[in-house]
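Biologist: I would like to learn how to read single residues in a model. Can we go through a few cases, one feature at a time?

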Amino acid sequence: STIFPSDLPAVGTATITQTVPLPSRQWNVRVDQNLRNYKDRVYVSWFRPSADSTVVSTRGALTYPYPTTNVFGRVSWTHAFSTSLLNEASFSVVRAGGYYPPAPGEAGNLPNVNITGISTGFNQAGYYRFQHNNYIMHEGVSWIHGSHQLKIGADIDRQQGYAVQSN
């Protein structure tokens, strides 16, 4: 090959130990409120974790940041019509996303190398961005009569996902 000469002395074992920092942040807000003498209950929760991780490479120039940002939210309402009839309604959102930039400088022009018998090769990363959005609506009714219980309801789940990759 013109990239790697056939007389290249590539024999031996290389052990590369890497420690990856993972600075993260998260916060959560939750509100529970009972209303109308406990006939209604409102619940709101919002959770926001994010991380500024790093993906390391045996090729040092190809180590890159990999930040992620996520959102988990829920609003629900429960109403007791009587001691035997209960209605529940909720809306939830789950958003997970992240990206990494292209390899710096000329590192993006390095060849991809894969060696048979080795689980990882040496690959450079191009720009990559992903986002997954899930929206869930729930409505349900519970009815108790004697020793019987009937639950009926519906869930509507809208899922979106996309990824943009350049290499």
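**Reading residues one by one**

Biologist: Take Ser53 to begin with: is Ser53 buried or exposed?

Modeller: The general idea is a cut-off: buried means under 20% relative accessible area. Ser53 has a relative accessible area of 14%, so Ser53 is buried. Keep in mind that this is a predicted model.

Biologist: Where is Ser53 placed, and which residues is Ser53 in contact with, leaving aside its neighbours within four places in sequence?

Modeller: Ser53 lies in strand E2, which covers residues 40-55. With those neighbours left aside, Ser53 is in contact with Pro21, Leu22, Pro65, Tyr66 and Pro67. For Tyr66 there is a further detail: the side chain of Ser53 reaches the backbone oxygen of Tyr66 at 2.7 Å.

Biologist: Now another serine. Is Ser90 buried or exposed?

Modeller: Ser90 is buried, because its relative accessible area is 9%. Ser90 belongs to strand E4, residues 85-100.

Biologist: Next, the surface. Which residues make the nonpolar patch?

Modeller: The general idea is to look for residues with over 30% relative accessible area whose nonpolar side chains lie within 5 Å. Here Trp27, Val29, Val31, Val44, Trp46 and Val75 make a nonpolar surface patch of about 510 Å².

Biologist: Which strand gives the most to the patch?

Modeller: E1 does, with three residues. Strand E1 (24-35) and E2 each supply at least two. Val31 is placed in E1. Val31 has a relative accessible area of 43%, so Val31 is partly exposed; that class runs between the 20% and 50% cut-offs.

Biologist: How many residues apart along the chain are Leu110 and Leu62, and what separates their C-alpha atoms?

Modeller: They are 48 residues apart along the chain, and their C-alpha atoms are separated by 9.6 Å.

Notes. Residues are numbered from 1 along each chain as its sequence is written. This is a predicted model: local features need pLDDT of at least 70, side-chain atom pairs count only at pLDDT 80 or more; totals for chains, interfaces and linings use all residues. Side-chain values use heavy atoms; hydrogens and water are left out. Buried means under 20% relative accessible area, exposed over 50%, partly exposed in between (1.4 Å probe, protein chains only). A polar contact is a pair of N or O atoms within 3.5 Å; within protein, one must be able to donate a hydrogen and the other to accept it, and residues adjacent in sequence count only if both atoms are side-chain atoms. Contact means heavy atoms within 4.5 Å. Patches are made of residues with over 30% relative accessible area and no salt bridge: like charges are joined within 9 Å, nonpolar side chains (Val, Leu, Ile, Met, Phe, Trp, Tyr) within 5 Å. Accessible areas come from the Shrake-Rupley method with a 1.4 Å probe; for residues, only the protein chains shown count as cover. A salt bridge is a side-chain nitrogen of Lys or Arg within 4 Å of a carboxyl oxygen of Asp or Glu.
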